[in-house]
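Here is a short report on a few places in one structure. Please look at the sequence and the model first.

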Amino acid sequence: MERKSPLFSVFIYISALLLAALILAPILWLFVMSISPAADLAAKPLRWWPQQMDFSRYRTLLSTVENSAGAAFLASLRNSIVVAGMATVAAIALAIPAGWAVSRTPSVSWSLSLVIATYMLPPVALAVPLYFALAHFGMLNNVFGLALVYLTILAPFTTWLMKSGFDSIPKEIEAAAMIDGAGLFQTLRIIMLPLAAPVISTSALFAFLLAWDEFFYALLFTSDQRAKTLTVAIADLAGGRVSDYGLIATAGVLAALPPVLIGLLTQRSLISGLTSGGVKG
């Protein structure tokens, strides 16, 4: 076996540390801002760590007092979870059969390419027709209407990921199952879905993150706390003449927690899904 030189190993570790620092530094600074008094954030020279930590903003945003900033923030948090969750579940439910069909029928792969080509259109070009469609069905400022809009974004992306996952599964496995008497739906449910579980988890995670971070359509199609999502709520915090940047940072920290927790819970499946198809036996 070829031995790696110590110098190369040191280079790898230093590169990994630098990459980790670049990724984690903005997150750490966001947290520092959230616990810094307003005077420290405006001080010159800038204080990299507060003299006295202030957690009052977390109490403000997590308050359940009616008509408070916390109640509005928690309502937006709930809306984001509901909208992103519904859109993700619907996208995966559509992507599994669609991705499998395209993977096993190359002659229709052009249809997936055509649908993915819609991503080349700027979102503003679709805003007006989507707005009129939602208005016609009475679904403006509605979590179900917003989830339906998100589904149009997520379904092509998740179908493309699922197709890549099914491509890495040998067709001979399906043929063997059908020879043993399994039907089409039995083969898909009993054989294919367990084998594609890592890709399904990866697709669901990326779909949830896309829906969680979406801002443009949420801004256009929502107007109050019945459907307003976190991204719009955080933008509202910065909308006044005098902005509390520490409060905005606190909202950012709290908004990042659900995706981070989901990512940690699905870490093993995520790594398996990202490496699926990299090595074939």
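## Around Thr-158

Thr-158 touches Ala-91, Ile-92, Ala-95, Ser-203 and Ala-207, leaving aside residues up to four places away in sequence. The model is predicted. Thr-158 lies in helix α7, which spans residues 143-167.

Is Thr-158 buried or exposed? Its relative accessible area is 0%. Buried means under 20%, so Thr-158 is buried. The side chain of Thr-158 also reaches the backbone oxygen of Ala-155, at 3.1 Å.

## Around Val-102

Val-102 sits in helix α4, residues 69-104. Its relative accessible area is 8%, so Val-102 is buried.

Which residues does Val-102 touch, not counting those up to four places away in sequence? They are Val-108, Ser-109, Leu-112 and Lys-163. Val-102 can also be placed relative to Met-162: 60 residues separate them in sequence. In space, their C-alpha atoms are 9.6 Å apart.

## Where α8 meets α9

Helix α8 covers residues 171-179, and helix α9 covers residues 184-195. Their axes come within 10 Å and cross at roughly 140 degrees. Angles over 145 count as roughly antiparallel. The two helices are therefore oblique to each other. The crossing of α8 past α9 is right-handed.

On the α8 side, the contact involves Ile-173, Glu-174, Ala-177 and Met-178. On the α9 side, Leu-184, Thr-187, Ile-191, Met-192 and Leu-195 take part. By class, this contact has 7 nonpolar, 1 polar and 1 charged residues.

Conventions: Residues are numbered from 1 along each chain as its sequence is written. This is a predicted model: local features need pLDDT of at least 70, side-chain atom pairs count only at pLDDT 80 or more; totals for chains, interfaces and linings use all residues. Side-chain values use heavy atoms; hydrogens and water are left out. Helices (H or I, at least four residues) and strands (E, at least two) are DSSP runs, numbered from the N terminus. Buried means under 20% relative accessible area, exposed over 50%, partly exposed in between (1.4 Å probe, protein chains only). Contact means heavy atoms within 4.5 Å. A polar contact is a pair of N or O atoms within 3.5 Å; within protein, one must be able to donate a hydrogen and the other to accept it, and residues adjacent in sequence count only if both atoms are side-chain atoms. Axes are lines fitted to C-alpha atoms, for helices over the stretch in contact, and angles run from 0 to 180 degrees between N-to-C directions. Angles under 35 degrees count as roughly parallel, over 145 as roughly antiparallel, 65 to 115 as roughly perpendicular and the rest as oblique. A crossing is left-handed if the near helix is turned anticlockwise from the far one by less than a right angle, and right-handed if clockwise. Ala, Val, Leu, Ile, Met, Phe, Trp, Tyr, Cys and Pro count as nonpolar, Asp, Glu, Lys and Arg as charged, and the others, Gly among them, as polar.
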